[in-house]
Amino acid sequence: MSVNSDLDKRFMAAAERLARRGLGRVWPNPSVAALIVNDVGNGAVLVGRGVTSRPGMAHAEVNALREAGEKAKGATCYVTLEPCSHYGRTPPCALALTEAGVKRVVVGMLDPNPRVAGRGVKMLEDAGIEVSIGVREKEMRVLYHGFMLRQLRQRPHVFLKLAVSKDGFIGREGEGQVKISGPLSMQKVHGFRSEHDAILVGTGTALADDPQLTCRLPGLSERSPVRVIIDRCARLPLESKLVRTCVDVPVWLVCGNDADSEKLEVLAAAGVKVIRVPADECSIKPSVILSALATRGITRVMMEGGARMASSFLTADLVDDMCVVTGDIVIGEDGIPALHDYDLADVLQDPKFERVDAGKFGPDSFIYLRRRGA
């Protein structure tokens, strides 16, 4: 049964906003939100809400039911993703809803895993609970795209962020990192980081810029993603900021199977997680990188920095979302192009992407693209 009343849509939109707060924090699980709504004599009133806890802890529905208490009896539960039906580290959420006496459950979208999809709904319906499916499903498919890709294609969602100058460059030869984005743009970038499981750069960026790749918004330092360095030959120096801070914020180094073992032992001893993968003579295929990350639970990756790496992922057709920020500066001579083998203007007009947002971050402009059909 599918019901799309205005009230259902409003509560599901609120649940979606709540679910987004957990992005980047609960992988490999999806960040799910549940709202318990009941008529307590004044119309529909929110009596409980919950989001997915850390892996191994309570799911969204259980957290919402705990807050609602006795008011959950006869209520409606709005949940962004189908309640689970199996025993894992926690009991089935469908069973918890049944035992709490919930009368109706509104589901944003079914579990994308074909071995699971529909089983939670069936468990609810078998218990006599009315179920409505597919409320704001389009928005939920965007929210859970990374979870879906990991389930069905063994790779995470890839978000490419590029910062370019007015004349289309990302830096200047021999100068390392060049400040392109203004303060508002940088705040937005750090916000993006906080919503992703991992941030990905190539060894060229790591060596030239010595970046931190953390989330440095006030109050959100604990939301920094895993920092993944694609380092074919394990050249990341011990004195880099990444290695020096890897105990506080994890650093994963993806290298070739034939990378120098002694270097890898030293990096591992410093706290870096080493991931060996098959590699070509000069590079590691994007598909291999993403498979290695998905195997380790990553569902959402932000790619930041490195014209060569960005181009390789575009060539492999493995970019799902893209945000291009154009700064209010001109680099001029010796500028480094934003992409190798591509004209950025052509990429922005590629019919496989649709523009979902555009505007200004202070003096900077931005365009946000998303793969059609995602």
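Contact here means heavy atoms within 4.5 Å. By that criterion, residues 24 or more positions apart account for 71% of the contacts in the protein with a separation of 6 or more. This is a predicted model, in which local features need pLDDT of at least 70, side-chain atom pairs count only at pLDDT 80 or more, and totals for chains, interfaces and linings use all residues. Residues are numbered from 1 along each chain as its sequence is written, and side-chain values use heavy atoms, with hydrogens and water left out.

**Overall build**

- The protein has 13 helices and 16 strands. Both are DSSP runs numbered from the N terminus: helices are H or I with at least four residues, strands are E with at least two.
- The radius of gyration is 22 Å, close to the 21 Å that the globule rule gives for 374 residues, so the protein is as compact as a globular protein of that length. The radius is taken over C-alpha atoms, and the rule is 2.2 Å times the number of residues to the power 0.38.
- Along the principal axes, the C-alpha atoms fill a box of roughly 70 × 45 × 35 Å.

**Surface and charge**

- Of the 374 residues, 51% are buried. Buried means under 20% relative accessible area, exposed means over 50%, and partly exposed lies in between (1.4 Å probe, protein chains only).
- The accessible surface comes to about 17,300 Å². Carbon and sulfur atoms hold 49% of that surface. Areas come from the Shrake-Rupley method with a 1.4 Å probe; for residues, only the protein chains shown count as cover.
- The protein carries 49 positive and 46 negative charges, and their mean positions are 4 Å apart. Lys and Arg count as positive, Asp and Glu as negative; His and the chain ends are not counted. Each charge is placed at NZ of Lys, CZ of Arg, CG of Asp or CD of Glu.

**Backbone geometry to check**

- Most residues other than glycine have a negative phi, and most peptide bonds are trans.
- W27 and P28 are joined by a cis peptide bond, with omega about 10°. P28 sits in the loop between α1 (6-20) and β1 (33-39).
- R136 is not a glycine, yet its phi is positive, about 60°. R136 lies in the loop between β5 (130-133) and α5 (137-143). R136 is partly exposed, at 24% relative accessible area.
- D317 also has a positive phi, near 60°, in a residue other than glycine. The loop between α12 (307-315) and β13 (321-326) holds D317. D317 is partly exposed, at 36% relative accessible area.

**Aromatic pairs**

- The whole structure contains 6 aromatic pairs. Rings of Phe, Tyr and Trp (its six-membered ring) pair if their centres lie within 6.5 Å; planes under 30 degrees apart count as stacked, over 60 as edge-to-face and the rest as tilted.
- F159 and F192 form an edge-to-face pair, 4.9 Å centre to centre with 70° between the planes. The pair links distant parts of the chain: F159 is in strand β6 (residues 157-164) and F192 in helix α7 (residues 183-194), 33 residues apart.
- F159 and F192 are both buried. Together with Y368 they form one aromatic cluster.

**Helix α2 and its cover**

- Helix α2 (residues 60-68) has these buried residues: A60, E61, N63, A64, L65 and A68.
- Their cover includes β1, β2 (44-51), β3 (76-81) and α3 (93-99).
- An α-helix has 3.6 residues a turn, so residues three or four places apart point the same way.

**Strand β5**

- E130 is in strand β5 and is partly exposed, with a relative accessible area of 32%.
- V131 is buried, at 2% relative accessible area. V131 and R141 are 10 residues apart along the chain, and their C-alpha atoms are separated by 19 Å.

**Helix α11**

- A292 is in helix α11 (residues 286-295). At 7% relative accessibility, A292 is buried.
- Beyond its neighbours within four places in sequence, A292 is in contact with I275 and V277. The C-alpha atoms of A292 and V277 are separated by 7.6 Å, and the two residues are 15 apart along the chain.
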